[in-house]
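Hi everyone, thanks for coming. Let me put the model up, and we'll walk through it together.

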Amino acid sequence: MLASDRTLRDLGFAGILQALGARCRTEPGRARAVARPFFATAEEVAEALAVVEEARALSEQRLALPLANVVDVRSSCERAAKGAMLEPRELLAVSQVLLACERIRETLEEHRGLVPRLSAVVARLPLLVPLASRIEDCFEPSGEIADRASPALREARDRVRGLHGTIKARLDKLLHDDKFLVNLREAYFSIRNERYVVPVLAQHRAQVPGIVHNASQTGQTLFVEPEALIGLGNDLAIAQSLVLEEERRILQDLSHRVGRASEQIAEGVAAAAELDEAE
């Protein structure tokens, strides 16, 4: 029997769904709860109540499904399936969902006899722990791509770090040279336009050959990359571009892997949402 819109309003059905959604622990679970249809048959009601009884049985055993890290990554997966490159935070969210699905699987399989209906959902959870582990291994806790993500990235970053060190050592030597210091506003170096520069007095510009990358508002100080450092600066720019290129390649590779598994991941999110709603 189908209920009319007026009947549903009189029953306060929308408020019931909102209350149900508020008790869910995940965004996908809440979305599923508030969209729940009004059951048309006694059989549907009986089946839903049986699922609730299983969830209650878990609660009585002081067991809770590990749903905390289940977020809705379906839109990210859809974009990846179309060839988009995902951001690190999106990839890490995918890995957290996959690991959560595995923990949910383990919990339900361990208590299959107690909750047979809920355990049936296990078949819809993705078996993608290797993908999750690969993603996790490519990032530091901060979300930055880790050196270990690829040998090429480690090599490129080592090159960048070495060049930074060499340039700073050269600058330190210049800043301890009294003949050089008389041309500067102050004895320090900074970075302008991703190049190392020193603050040269405008009237001493001719005494410090190099490239002017910026100037103070008054024009009395010029930020000059000393000529002796230009070659190293060029090498650094090339090395940094190689780092960015390899980081992009890593993100694209991970995104491609997620895209290939997008349907499995989406089904896993939907299954977790169903379990969240039941619990």
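How do the residues of the lining of the largest cavity divide into nonpolar, polar and charged? They divide into four nonpolar, one polar and three charged; here Ala, Val, Leu, Ile, Met, Phe, Trp, Tyr, Cys and Pro count as nonpolar, Asp, Glu, Lys and Arg as charged, and the others, Gly among them, as polar.

A word on ground rules. This is a predicted model, where local features need pLDDT of at least 70 and side-chain atom pairs pLDDT 80 or more, while totals for chains, interfaces and linings use all residues. Residues are numbered from 1 along each chain as its sequence is written, and side-chain values use heavy atoms, leaving out hydrogens and water.

Back to that lining: helix 11 gives the most to it, three residues (helices are DSSP runs of H or I, at least four residues, numbered from the N terminus).

Now the salt bridges, meaning a side-chain nitrogen of Lys or Arg within 4 Å of a carboxyl oxygen of Asp or Glu. The structure holds 15 of them. In one, Asp 147 meets Arg 161 at 2.9 Å, N to O. That pair links distant parts of the chain, 14 residues apart, with Asp 147 in the loop between helix 8 and helix 9 and Arg 161 in helix 9. Asp 147 counts as buried at 18% relative accessibility, whereas Arg 161 is partly exposed at 43% (buried is under 20% relative accessible area, exposed over 50%, partly exposed in between, with a 1.4 Å probe and protein chains only). Both also belong to a salt-bridge network with Arg 157, Asp 158 and Glu 247.

Definitions and conventions:
Helix = DSSP H or I, 4+ residues; strand = E, 2+ residues; numbered from the N terminus.
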